[in-house]
Amino acid sequence: MITLENISKQYGSKVLFDQVTLSFHENQRTGLIGCNGSGKTTILRILSGVEQLDKGTIHFPSGMSIGYLPQEVEILDHMTPMEIVLEPFAHILNFEEKLQSMSETSDPESLEKALKKIDALYDAMHFHDGFSLGSRAEAILAGLGVPKDNWNKPVKLLSGGYRMRTVLGRLLLTAPGFLLLDEPTNHLDMDSLVWLEKFLERYKGGMLIVSHDRDFLNRITTYTAEISGETILQLKGNYDQFQLLKEELRENELNRAKNLETKIAQTERFVERFKAKATKATQAQSRAKLLEKLRAELPVIIQDGKTIHFSFPAPPMSGTVPLQLSKVTAGYGENNVFSNLSLTVNRGDKIAIVGPNGAGKSTLLKLVTGMLVPKSGDLTIGHKTTVRYFGQHQLEQLDISKTLYETVRAESVRTETTFVRNILGAFLFSGDSVDKKVEVCSGGEKARLVLATILANPGNLLLLDEPTNHLDIQSIEMLAEAMAEFKGTILFVSHDEYFISQIATRIIEIRPGSVRDFPGSLADYRTYVEMMFPDEKQDTPLQAKATAAAGSVSNKEKKIAEREQRKKVTRQIEKIEREIVVHENTLSDLRTKLNDPANSTNFELLHSLSREITSEECVLNKLMKDWEVLQDELSQPEP
């Protein structure tokens, strides 16, 4: 067990946590959550030895190895992905050559030393399953989506995302006893995310994971720890289960606090009334001591952690078809990313663009903005369509001399202070921080600021490229809620499943050589991707040995697997039920507008409302069918 006793850490005047005690079992999978800046990364850096505690102690089990994946990876530009992944095993690579070199001595003293080295080399090869290292490294790089053509090229030629995947691959191949993962899904597409989840599900060691992807945490973790208010609350259960338990604890504490406050008020009245009377003085003193005890028992109420709710300013209505592409071919230089692409985007569509990295998701958005010109075909921006785009390159266009407040206010369609501050607060800027200059902001803060300026004046066609990368879970929920209510059209690229499921009314998949409307929900798409990665035997040698020793899967293990499948189905049902509620509310609003006598002569609006109602009804029918199928599966007898 890893134990942290009475730990404290602060930077300047900001206290992250004070006198906190918690522990992690050796095989425990814990999700570490909290708002940005609360100290999640600091905890991982402390456990990995990169940072030191101000106070307190940490105890590790004897012989436990720790593996740490930071958000910012080390620079290894001169090495190739394959060399980086295999680097920890340099002592056993080229086994035959090393064995030959050690065997070529004839000196008796040197021969004895050589034999010891040969024994050690054989032990290391056996322990690490050295003869399969190369194939396992290839499997991990392929699973993480690093293109095979790049495995033996310097990583300096690859994007930051592929460098991160390479470092993650090295960590997974070494198979430490306990993993510390800081935002491991940040640069992963759906294909790589599914592969990683399957790998981690088979992993026998423990792990502490910081992630803003709540669906990822729900599938992988069995415990959750939240940093809030200078303390850490740890409960059994994944993210969703933790939120339910935390709310129950909060309600219990509120009730206990209410009862104590009633007793305190009664005791205060008694002490105040009788403290001056000689006949009651003793009782008054006794009650005064009781009063101190009651006040000491008042619980610290768990904060509900709710974020600001805001709605986008209503955009002007665009034409019926705000965007249309006809037989478009586009790319860079002689390389075509896609060819003969035809796509019609209807007003009110909220389209999630999915697919593996490098297939052309961001390229499609850049085409619409005019940053990239089609090589052939036609791209038409519809009547009265105003395009607003969020991409990482926009960070360089910020005026660094302005404050955050001035930056958003200058772009906003509404300039009242409350609205501007609400927008900034939604993206984690509050209090005095709104008055700091852009020039002192980090890269993540600048990305959030650009997103805030866009949503303060959204236009009627939003193009968003990975908008959730620098947001915490609560802010992602807030943004998803606001985007679901937005009356304009949205095309967005995201790898966050919760975010997509709350917004998307349509899914477009881009893969090398193909672009298609995916005929189903995000849950359907994930199932489709999972079929590409059938369950495999564990890649690490220690887990392979454990599997061999166990032999065939026992009936008990089969029952556990079946119960886990039922849990998975239950989660899918809950997600679909949430989506049904959203679409039913939308449909109700549309029907109310359609039947409003004030709109009876606005034929363009009535036609648009009818189209939207038909679209919503189709989506609802599909969700209900999916719900019925899953309910049938869940109704089967439990093992």
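Trainee: How many bridges join strand 12 to strand 17?

Mentor: Keep in mind that this is a predicted model. Strand 12 covers residues 350-354 and strand 17 covers residues 506-511, and the two run parallel. One place to look is Ala-352, which stands opposite Ile-507 in strand 17. The number of bridges joining the two strands is four.

Trainee: What is the order of the strands in the open sheet?

Mentor: Six strands make up this sheet, and their pairing is mixed. Strand 14 (387-390) and strand 18 (514-518) are the edge strands, since each pairs on one side only. On average, neighbouring strands are turned by 15° against each other, direction ignored. Reading across, the order is 14-15-16-12-17-18.

Trainee: Is strand 7 enclosed or open, and why?

Mentor: Take its two faces in turn. In a regular strand the side chains alternate between the two faces of the sheet. In strand 7, Gly-206, Leu-208 and Val-210 are buried on one side, and Met-207 and Ile-209 are buried on the other. Because five of the five residues (206-210) are buried, strand 7 is largely enclosed by the rest of the structure.

Trainee: Which residue is the bridge partner of Thr-30 in strand 7?

Mentor: Start with strand 3 (residues 29-33), which runs parallel to strand 7 and is joined to it by four bridges. Strand 6 (residues 178-182) also pairs with strand 7 in the parallel sense, over five bridges, and there Phe-178 stands opposite Gly-206. For Thr-30, the partner is Leu-208.

Trainee: What is the handedness of the β-α-β unit that contains helix 7?

Mentor: Follow the chain from strand 6 through helix 7 (residues 190-202) to strand 7. Those two strands pair in the parallel sense. The unit they make with the helix is right-handed.

Trainee: Where do the buried residues of helix 5 sit around its axis?

Mentor: In helix 5 (residues 133-143) the buried residues are Leu-133, Arg-136, Ala-137, Ile-140, Leu-141 and Gly-143. They cover an arc of only 165° around the axis, so they sit on the same side of helix 5.

Terms used. Residues numbered from 1 in each chain as written. Predicted model: local features only at pLDDT ≥ 70, side-chain atom pairs only at ≥ 80, totals over all residues. Heavy atoms only, no water. Pairing = 2+ DSSP bridges. Axes fitted to C-alpha atoms, helices over the stretch in contact; angles between N-to-C directions. Buried < 20%, exposed > 50% of the residue type's maximum accessible area, 1.4 Å probe, protein only. Arc of directions from axis to C-beta. Right-handed = clockwise from strand over helix to strand, strands pointing away.
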